[in-house]
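Subject: Handing over the structure

Hi there,

Here is the structure I promised to pass on to you. Have a look at it first, and then read on for what turned up.

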Amino acid sequence: MKNVYDVIVIGAGPAGMASALTAREKGSSVLIIEREDRPGGILNQCIHDGFGLVKFNEKLTGPEYADRYVRWIDEAGIEILTSTFLLELIKDEDEFRMKLVSAEKGVFSLRGKAVVVSTGCRERSDRQIFIHGDRPAGIFTAGQAQAFINRMGYMPGRRAVILGSGDIGLIMARRLTLEGAEVEGVYEIQSRPSGLQRNISQCLNDFSIPLHLGRTVSRVIGKGRIEAVEVVSVDERMNPVKGTEAIVPCDCLILSVGLIPEIDILKDLPVVKDGKTGGIVTDDRMESPQVPGLFSCGNAHHVYDLVDYVSESGEIAGSAASEFAREAAI
Amino acid sequence: MKNMTCIVCPKGCSLQIEEKESGFEVRGALCPRGERYALQEMTDPRRTLQTTIRTAIPGCRRAAVRTSKEVPLGEIFSYMDAIKGVILEEKKECGSVLARGLCGSDVDLILTERLY
Amino acid sequence: MNKLKKVTKELAKLGLGGDVQASEFRKSVRLTGHVGSWDEKVAAGFAAANRGYKGVLNDITVEGVGEEKIYRYDPGDRDLEGRYFDVLIIGGGIIGCATARELARYDISIAILEKEEDLAMQTSSRNDGMIHPGFAAHPGSKKAHYNILGNRMYTKWAEELGFELKRPGSLVLFPSRLEKYLVPLMKMRARKNGVDGHYRYISRKKVFEMEPNVTEDQQGAFFLPSAGIISPYKATIAMAENALQNGADVFLNCFVESFEMDGGRIASVRIGRGTVKCGAVINCAGNFADIIAELADDRFFSLHGRKGTECILDRNTGLTQHSILSMPRLIQRKSKTKGGGVVPCIEGNILLGPTAEEQPWREDFSTDRGHFQELLQKLDLNTKLSGSSVITYFSGIRPASWEEDFIIEPSERVANLVHGAAIQSPGVASAPAIAVDLAKMTVDILSKDKTVEEKTGFNPRRTVSYHQIETVEERREMVGKNPLYGNIICRCETISEQEIRDVLRGPIPVNSLDGVKRRIRAGAGRCHGGFCTPKIMEIISDELGIPMVEITRKGDSSPVLSGEAK
C-alpha cells in the first residue's frame, strides 16, 4: 500500500466500486476505504431481487449485484481497505489528507489528489419523525430489521406494524411474513405510497398485508417491550383527526420513513449542503464547486430509487475524479 | 376485467387483462415481458423467492439464497420450509447450486452471496 | 386548630370545600376526598402546603386515575438473604450514590439497593445536567442552601471522580428593556443566597459578543458565571464506582417490599433477593420516597410527579452557543414556557428543556406532541437552531413535595432512618452537599451503637476503567495498546469495540444497550443506533456470554429481539 493515490474512494458500496473501477480504467491509482469488513455496502443485506435490470438486463439480488462489482475490482487489482474508519478529512493546498484507523493498521494517514465520497445514507429514526408515547424496545428502522433477519438470522418481532411505505419497509413486510411473522399493516401518512407500485403488489398484495394510506402511528404503548401502537388518520395538513384513533397490538414497529445522505465526514470542508436532498451541492460531474477535487455520488449525493443509477453516478464521479487527478499532476 | 401492476421491472406498468374467447387480452404493458407476466399471472402466478439459510461456517450465521427460477405463489411457504432445511456446510462460490429439485420440482437453490 | 381552619378555608376558596376534607395526621395535614381532575388535586395540595404543618399527605383520589403498577424485576436469586450492612441506601440515583461515596469514608459496610437494572435510571438521568448557580431557589430554603454548597463542591468532585464539568455560565436573557429594572432585585437575591462568582448585568452589545446567535430582540441579560453542566448519569455512576472502590456494594434489581421493624427501628429490609439486616437506612428513593417512608410507618409527606420533557439536538449545533440561555422566571408566569432553557450539554449537543407538567404518574416517561411543541418554542432563543436538528427527546419526573423544598432529615419516628426526599431541581446541583449531610446524619445514628471511624485507606479518586476516546492522538496511543480500539463500531460517535468492552468489564454490571449508552455514547448519535445496534449486541453477547435473543434495551422486560429466524 502506498500513502498517496490519485483517487481515494470513501465507501465500497455500489457507487464507490463503480467510481473506483472507472477511475482505474482511466489510468488513475485508486484506493477504496470501507468501514465494514467487506465491500458491497447496504447491498449485502438486500437479499431480495430486482437489482441490475437496467445495468445488466437481469434480475439480481443485492449481494449478487455486489459480487459482480467485487469481481471486477479484484480483476482490476484495486485495493480495498476494509474495517477501516475515516476519522478526519481535510484539504491542504492541492491535496486531500485523511486520518484513518483500523484494528490492523492503527491510526494512519493517506493523501489523495481527488476524493470520491460514496458513503451512502442512513435512515430516519423514530425520533426524527417525532413519534411520541412510551419508549420501549422493539422499534426498528427497516434497515436495522433487515440486518437482524438477513445477516444475523434474528427476528425483530412476531407481530409487526410497519410505518412508512418506502421500498425497504414494503420489502421487510414480505420478508417478515416469509419468516413466519404476522404483519398487521403498513401505515403511510401520505395519501399515496412512497415505494414502487410493484413492491405494493409483490410484497403486500401477494400476502394480503393491508396498506393504510393517510394514517400514521400517533403513540407507542409499552414500558419494556412494545405492546401496541395507536394509529390515527391525518388531514391534508398532516394533523391527526380526533376520533380516528385505533389501538393496534404488536410486538415490533418497523420504520421506513426516509433516508438521509450520510456526509458527516465532510464537516471540516467548506462544502454547501443541498437543503432538498441532504447531500452536498455538486456540478453535473458530481464535483463540489467549493472544494475542487471532491466528488460525491450514490446515496451520499442524493437518495436514488435504483442501484443501477447509483452505479452510474459512481461512474460519472470516478471518471471526473480521474481527470481531476491527472490535471492536478501536470 | 382484471387490473394488476407488472412486477417485472421497476416501471411497474398498470395492466388490464380481459378474458376473451380467443384468450387473455393484455393492455397497458410497455414491453412484451409485461404481457407475458400478465398471462402467467392469470393462469399460474409465480414468484422468485429469496431468503437465507443457516451455515456451519464460523462467523457466518446466515447465507443469502434464491430459487433458480420462479415458484408457484401458492406454494411459496412450502418452498420456504424446504429451503430452511438446507444448511451450508462450507464456503462456496456465489452462484453455486446448494440443493436441487426443491419440493420435487425442477427448481434449485442458489447461493447469492460471496462468503468472506 | 387554627392551621387546619386555614387549610379548610383555602380549599373552600378553590371551590373544593365540599369534595376535599382536611384532617390532621401526626404533625402533618392530610387531604382526602374525590375530585374530578388531577389539576384540582394539585391545587388542593399546594393550598395545604406551608400552613405550619410538617408536611401534606395528599390522599385525594381523582376521577379516572387508578393505581400505578410500579415496575419491578426480580432476578429470582436470594443472594442477599441474611446479609448485614451497616447502611442500606434505598435508591441508586444521584443522591443515593453521592451519599454512598461520602459514607465510604468511614469504616462501615454500605450497600445501595436499586430497583432498576442500572443506576440513574429515572430522575437522575432524565434531566438537563445543569449545575444551577443557586439563584432561582427561594432564599432561606433547603434548596438554596444545598444548591450553593453543591455547586461549589462540584469542582473538586469532578476532578476527583473524573467526570467532566464545565462552567459556561448562565445568561438570563431580557426580551424587553423592562427587565433591566429587575437587575437590583436579582442581585439582591443572588447575594442573599450566596451565589458564587461575579454575577452581573450584561448589556445588549455584550450579550451579542458573547452569544452571536441569540435572537435580535434580546435587550440585555443577567449573567451567572458559576452555572455549570455535567452529564448527570455519568456523574452518578462515577460517584457509585468510587464508593465501590472504597468498599461499598451496589445491588441492582432490588425492589424494596417492606421493612421488618423492631422497637422503633428498621431491623431488616425485605427485597425480592432476600431479607437484608441493617444498622441504618437512608431513603433516597426519588419518586418513591414517600412510599418508602410509609413502609416504615413514617408518613409525613407525599410526592407528586412533575414531568419534564427535554430534547437533544445534533452535536453539530453545539458550536453555535457557549452559555446556558434562559428567560427570567419572574415575569414569564403567563407565558407557555415554564422555565428551562437552551443548554449546551457536556457532550457538545444542545439540549432544550425542560417543560413542567403536573401529572399523576411516577414512572410514565412517555412524551406527547403538545409538550414537545411547547419545548420547540425554545429554539427561538438561538437563531442557528431548528427542529430538523432534533435527534432525541425524553421526559423525566421530578419528585416534588407540596412544600416545594427538599426533605433532608433523620426520621422523627424511626430511630435508624434518614430521609433524602423530594429532591427535584436543583437536585443534581445540590447532590454533593446533600450527601455530606445525609452521611453525617447516618453516622450520628450508627455512632449511638458503635464507634464509627474514618478509614485510613479511603481513596477519593475514582479509578477510571473505561472512557470515550476523544482525540485522534489518543486513539493512536490506545490502538497501540490494543488493536480493538481501532475497530470502530459506532460511526456517529466514533466508538470502538474495545471502548465498549471496557464498559462491559466495568465495576458495576452492565448488560443492556442503554447501560452501554449511558457510560459511553455508543448508539447515542444521529443515526440513533440504526447501524451499530446489532454490532453492539454482538459485543455484549460475546463479552458477557449472553445469547443475542436475551440482550435487552434497558433491563429484563425489554428484550431487543423476539427469537431466531426460521
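Let me start with a link between two chains: strand S11 (residues 154-155) of chain A is joined to S27(C) by two bridges, and the two run antiparallel. Within S27(C), Gly563(C) is the bridge partner of Met155(A). Strands here are DSSP runs (E, at least two residues) and helices are too (H or I, at least four), numbered from the N terminus; two strands pair if DSSP finds at least two bridges between them.

Some housekeeping before the rest. This is a predicted model, where local features need pLDDT of at least 70 and side-chain atom pairs count only at pLDDT 80 or more, while totals for chains, interfaces and linings use all residues. Residues are numbered from 1 along each chain as its sequence is written, chains are lettered from A and ligands numbered from 1 in the order in which they are written, and side-chain values use heavy atoms, with hydrogens and water left out.

Now the interface as a whole. In chain C, 48 residues are in contact (heavy atoms within 4.5 Å) with 47 residues of chain A. About 4300 Å² is buried between the two chains, 55% of it from carbon and sulfur atoms; buried area is the accessible area (1.4 Å probe) that two parts lose on being put together, summed over both. Tyr393(C), Arg491(C) and Arg526(C) supply 14% of what chain C buries against chain A, more than any other three residues.

Four salt bridges (a side-chain nitrogen of Lys or Arg within 4 Å of a carboxyl oxygen of Asp or Glu) are counted between chain C and chain A. One salt bridge is between the side chains of Glu36(A) and Lys535(C), at 3.1 Å from N to O. Among the elements of chain C that each supply at least two residues to the side touching chain A are helix H14 (533-544) and strand S22 (390-401).

What about chain A by itself? Chain A has six helices and 20 strands. Its radius of gyration (over C-alpha atoms) is 21 Å, close to the 20 Å that the globule rule (2.2 Å times the number of residues to the power 0.38) gives for 330 residues, so chain A is as compact as a globular protein of that length.

Finally, chain C holds an open antiparallel sheet of three strands, in the order S7-S12-S8. Strand S7 (130-131) and strand S8 (165-166) of chain C are at the edges with a single partner strand each, so one side of each has no neighbour in the sheet.

Best wishes
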